[in-house]
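Me: Please go through the structure shown below by way of questions and answers.

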Amino acid sequence: MVKVAVTGSDGYIGKQFVNYLEKRKCQVDCFDRVQGRRISDLLRTNINVYDRIYHLAALSRVEACERCKKDAFFQNVYLTAKLAIWAGRKLVFFDTYLDNKTVYGLTKQMARKAVQHFGGQSIRICNIYGYDGPGVVDHFMREKQLIIHG
């Protein structure tokens, strides 16, 4: 059985991803500050017990990153870099990309570079968020008509 760790497991994407992994018979250890299991707890674990580490945790709202720049850099860059050093090739970083003119976009870009530098993988996903969020899915749900330009 494949054993994995998932950070950000209580977020919208994290919950869906954990369900996906469990349906495929993976043994999943969840790390999310909401659940009281933090990335610092994961970093104290022997890396050899895991086949793969999936990193989804982040300060993810653009507005929150702009208001709390230090928190954004700590959570999105520093903790991701620590995970990258610890996990190396076992790390898969779920990356959402916005242009680097925002604090959020800049922190995600820096985190992605750290992950790649230490041999991890980066998967870029779109800005989706769940129902009632500021992302694409919620926008489409509110619109009566979808207009495509271009």
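Predicted model: local features only at pLDDT ≥ 70, side-chain atom pairs only at ≥ 80, totals over all residues.

Reply: Residues are numbered from 1 along each chain as its sequence is written, and side-chain values use heavy atoms, with hydrogens and water left out.

Me: What percentage of the residues of the chain count as buried?

Reply: A residue is buried under 20% relative accessible area, exposed over 50% and partly exposed in between (1.4 Å probe, protein chains only). The chain has 150 residues, and the buried share of them is 43%.

Me: Which pattern does the chain follow along the sequence?

Reply: Helices (H or I, at least four residues) and strands (E, at least two) are DSSP runs, numbered from the N terminus. The chain has six helices and five strands. Read along the sequence, their pattern is β-α-β-α-β-α-α-β-α-β-α.

Me: Among contacts between residues at least 6 apart in sequence, what percentage join residues at least 24 apart?

Reply: Contact means heavy atoms within 4.5 Å. Among the contacts in the chain between residues at least 6 apart, the share that joins residues at least 24 apart is 66%.

Me: With which residues is Trp 86 in contact, leaving aside its neighbours within four places in sequence?

Reply: Trp 86 is one of the buried residues of α4. With those neighbours left aside, its contacts are Leu 42, Leu 43, Thr 45, Asn 46, Ile 47, Tyr 50 and Ile 53.

Me: Against which elements do the buried residues of α4 pack?

Reply: The helix has 19 residues and reaches 26 Å from its first C-alpha to its last, close to the 27 Å expected at 1.5 Å a residue; the expected span is 1.5 Å times one less than the number of residues. Just after α4, Gly 88 takes a positive phi of about 55 degrees. The buried residues of α4 pack against β1 (3-7), α2, β3, α3, β4 and α5.

Me: How far apart are the end C-alpha atoms of α5?

Reply: The buried residues of α5, including Val 103 and Tyr 104, pack against α3 (62-67), α4, β4 and β5 (121-125). At 1.5 Å a residue, its 15 residues should span 21 Å, which agrees with the distance between its end C-alpha atoms, 21 Å.

Me: Why does Val 103 count as buried?

Reply: Val 103 is found in helix α5. Leaving aside its neighbours within four places in sequence, Val 103 is in contact with Cys 65, Glu 66, Lys 69, Ala 72 and Phe 73. It counts as buried because its relative accessibility is 10%.

Me: What kind of aromatic pair do Tyr 54 and Phe 94 form?

Reply: Rings of Phe, Tyr and Trp (its six-membered ring) pair if their centres lie within 6.5 Å; planes under 30 degrees apart count as stacked, over 60 as edge-to-face and the rest as tilted. The count by this rule is five aromatic pairs. For Tyr 54 and Phe 94, at 6.3 Å centre to centre and 70 degrees between the planes, the pair is edge-to-face.

Me: Which strands does this pair link?

Reply: Tyr 54 is buried at 16% relative accessible area, and Phe 94 is buried at 11%. The two residues are 40 residues apart, and their strands are β3 (residues 52-55) and β4.
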